[in-house]
Amino acid sequence: MKYITFPSGRELDAIPIGRITIDFNPVDYFKPWPQCETFKKYVGGSPANIAVGMARLGKKVGFIGRISDDQMGDFCESFFQQEGIDTSHIVRCTEGESMGLAFTEILSEQESGLIMYRNQAADLMLCPDDVEEEYIKKSRMLIVSGTALSAGPSREAVFKAIELARKHQVVVIFDVDYRAYTWKNKDEISLYYTMAARQADIIMGSREEYELMDHLLCDGLDDAGTADKWMRENARIVVIKHGKEGSTAYTADGGAYSIRPFPVKALKGFGGGDGYGSAFLSCLLDGYEIIDCLEHGSASASMLVASHGCSPDMPSMEELEAFIRKEKDTYGEMIARCS
């Protein structure tokens, strides 16, 4: 059954908007950060990772965001261009703003940490003038990152993009993308998340993220109650993730489709959500059934937590489907799907 109708004949399949950062992941992992001496750098930030993931899966991807006007900005823009992502609406900052820097810590297969530097972060300097109506109307979907709502002028730029997307029948995806270090208090989080979610056609987030979003108006909902609340607003699909316990997609006709993770030997605890989002949304654009979108999302998430990087390790469709076949041959069908 088709729950979302995407506009046809558009130049782009998706435009993520928001954060581009640089990740520094330790090569000598499974150690506390002070003991790590060597790091590899990657383009990071959830919307940036999703953009790369969708491009790897054959989608035509643009991006709206801001980067620093220095070698770090050069690195990010060049990487996007190598991946075939349109960079015409990635704007250089002019007041000395810097790229956000994430120094990660991989303590064990189960535990990861993060040291984040976001003083005068370039991505939060995105302003409404950077969002052009003609660009938005070229796309089939707009992917909004919750972190971009944490401060102005980025916040206002994102809400302008949402309004333009709705004006031109561009499907709006809200990826809650909660990062504690970007917010001042729980009321602020709930307020701006709620404003974005009310206008979204698809909402994706963890149980914790929905609890933060529902804090002001309807605290204490279970998964089904959360899904019903947002379906009564505007959403057609609500995805709620429970980490190692799997995830469920609720649909506007009252359906609920659940999936368990594919078993892998994890290297890190981050990046899986971005792999999940890029594969789930790509398959949705291709008209897959919901359970198959979930299966590909779950598979990509498992592949990402088993790899060292995020953006450079996003799989192609061939790699993703080969992984699914191999896992099923080893563990059987029901290891992935559940009722």
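User: A charge sits over a ring if NZ of Lys or CZ of Arg is within 6 Å of the ring centre and within 35 degrees of the ring normal; how far from the centre of the ring of Phe 75 is the charged end of Lys 41?

Analyst: This is a predicted model, in which local features need pLDDT of at least 70 and side-chain atom pairs count only at pLDDT 80 or more, while totals for chains, interfaces and linings use all residues. Residues are numbered from 1 along each chain as its sequence is written, and side-chain values use heavy atoms, with hydrogens and water left out. A charged end is also placed over the ring of Phe 270, that of Lys 268, at 5.6 Å from the centre. For Lys 41 over Phe 75, the distance to the ring centre is 4.8 Å.

User: How many aromatic pairs does the count come to, and which parts of the chain does the pair of Trp 33 and Phe 103 tie together?

Analyst: Rings of Phe, Tyr and Trp (its six-membered ring) pair if their centres lie within 6.5 Å, with planes under 30 degrees apart counting as stacked, over 60 as edge-to-face and the rest as tilted; on that basis the count is 11 aromatic pairs. One of them joins Trp 33 to Phe 103 edge-to-face, with 6.2 Å between the centres and 90° between the planes. Helices (H or I, at least four residues) and strands (E, at least two) are DSSP runs numbered from the N terminus, and the pair ties together parts 70 residues apart in sequence, because Trp 33 lies in the loop between strand 2 (21–26) and strand 3 (39–44) and Phe 103 in strand 6 (residues 100–106).

User: Is Trp 33 buried, exposed or partly exposed, and which residues form one aromatic cluster?

Analyst: Buried means under 20% relative accessible area, exposed over 50% and partly exposed in between, with a 1.4 Å probe and protein chains only. Trp 33 has a relative accessible area of 27%, so this residue is partly exposed. The residues that form one aromatic cluster are Phe 24, Trp 33, Phe 39, Phe 103 and Tyr 117.

User: Where do Tyr 276 and Phe 280 lie, and by about how much of the helix are they separated?

Analyst: Tyr 276 is buried at 5% relative accessibility, and Phe 280 is buried at 0%. Both belong to helix 8 (residues 272–285), where they are four residues apart and therefore separated by about one helical turn.

User: Which side chain meets that of Arg 140 in a salt bridge?

Analyst: A salt bridge is a side-chain nitrogen of Lys or Arg within 4 Å of a carboxyl oxygen of Asp or Glu, and the count by this rule is 20 salt bridges. Arg 140 and its partner meet at 3.4 Å, N to O, and they link distant parts of the chain, strand 8 (residues 139–145) and strand 1 (residues 12–17), 127 residues apart. Arg 140 counts as buried at 17% relative accessibility. The partner, itself buried at 8% relative accessibility, is Asp 13.

User: How far apart are the closest N and O atoms of Arg 56 and Glu 83?

Analyst: Arg 56 is partly exposed, with a relative accessible area of 25%. The closest N and O atoms of the salt bridge between Arg 56 and Glu 83 are separated by 2.7 Å.

User: Where is Asp 219 placed, and which residues is it in contact with, leaving aside its neighbours within four places in sequence?

Analyst: Asp 219 lies in the loop between helix 6 (207–214) and helix 7 (223–231), and with 59% relative accessibility it counts as exposed. Its C-alpha is 41 Å from that of Ser 88, the two residues being 131 apart in sequence. Contact means heavy atoms within 4.5 Å, and beyond those sequence neighbours Asp 219 has such contact with Glu 211 and Asp 214.

User: What is the phi of Asp 177, and is the residue buried or exposed?

Analyst: Most residues other than glycine have a negative phi, and most peptide bonds are trans. Asp 177, in the loop between strand 9 and helix 5, is not a glycine, yet its phi is positive, about 50°. With a relative accessibility of 3%, Asp 177 counts as buried.

User: What is the omega of the peptide bond from Gly 152 to Pro 153?

Analyst: Pro 153 is placed in the loop between strand 8 and helix 4 (154–167). The bond from Gly 152 to Pro 153 is cis, with omega near 5°.
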